[in-house]
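Work through the exercises below with the sequence and the model side by side. Try each task before reading its solution.

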Amino acid sequence: MILLRGHPCIVQFYGYFEDDYNDYTVMVVVFCSCHLQELAPGGRLFDYIKQRQQFTENDAVVITRALVSGIQYCHANNVVHRDLKPQNILLMEFAFSTPLTRSGQKLDSIKLTDFGFSSTMEQGVLKTSLGTPGYTAPEVLRNQPYDSSVDMWSLGVIVYIL
């Protein structure tokens, strides 16, 4: 069970339980008004990209800076996400019609989520071929051993899209 806590760019973990058949992780993020701590009125980055269709360099900088910070935290804790894509990135403050700006932008406005494919780097290399093909590094698709750098490939694809 991989648990990452305490970073502003990673969705918070609230609990874990299991029964005879399944393990359950509770990471609550809501997309509407509610009294929970993590409110994501901006929805997913994927939807924001579809709605906006065009981004400025400043937009890409704001998003990339937050993603690099979250990925760096994961890698510092020997965790590889392995499924980075716009569908797994939440916008905590942005409305679709609001342009992003560098000035005054809080780092915690963007959060990584969906750690279902994540793994630890305890042995130094990973071998399981998984992820979303359009965002997955070539070595994963070729069933070759890989390391945390596969997340950087996925980040590069996201930045290219932006």
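A nonpolar core is a set of buried Ala, Val, Leu, Ile, Met, Phe, Trp, Tyr and Cys residues joined through side-chain atoms within 4.5 Å. Buried means under 20% relative accessible area, with a 1.4 Å probe and protein chains only. This is a predicted model: local features need pLDDT of at least 70, side-chain atom pairs count only at pLDDT 80 or more, and totals for chains, interfaces and linings use all residues. Residues are numbered from 1 along each chain as its sequence is written, and side-chain values use heavy atoms, without hydrogens and water.

**Exercise 1.** Find which residues of the largest nonpolar core touch the most other members.

Solution. Step 1: the core has 25 residues, and L45, L67, I110, L112 and I158 touch the most other members. Step 2: at least two residues each come from α1, α2, β5, β6 and α4 (helices, H or I, are DSSP runs of at least four residues and strands, E, of at least two, numbered from the N terminus). Step 3: α2 gives the largest share, seven residues.

**Exercise 2.** Describe the length and packing of α2.

Solution. Step 1: α2 has 20 residues and spans 28 Å from first to last C-alpha, close to the expected 28 Å (1.5 Å times one less than the number of residues). Step 2: its buried residues include V62, I63 and L67. Step 3: the buried residues of α2 pack against α1, β4, β5, β6 and α4.

**Exercise 3.** Decide whether N88 is buried or exposed.

Solution. Step 1: N88 lies in the loop between β4 and β5. Step 2: N88 counts as buried because its relative accessibility is 4%.

Definitions and conventions
Buried < 20%, exposed > 50% of the residue type's maximum accessible area, 1.4 Å probe, protein only. Contact = heavy atoms within 4.5 Å.
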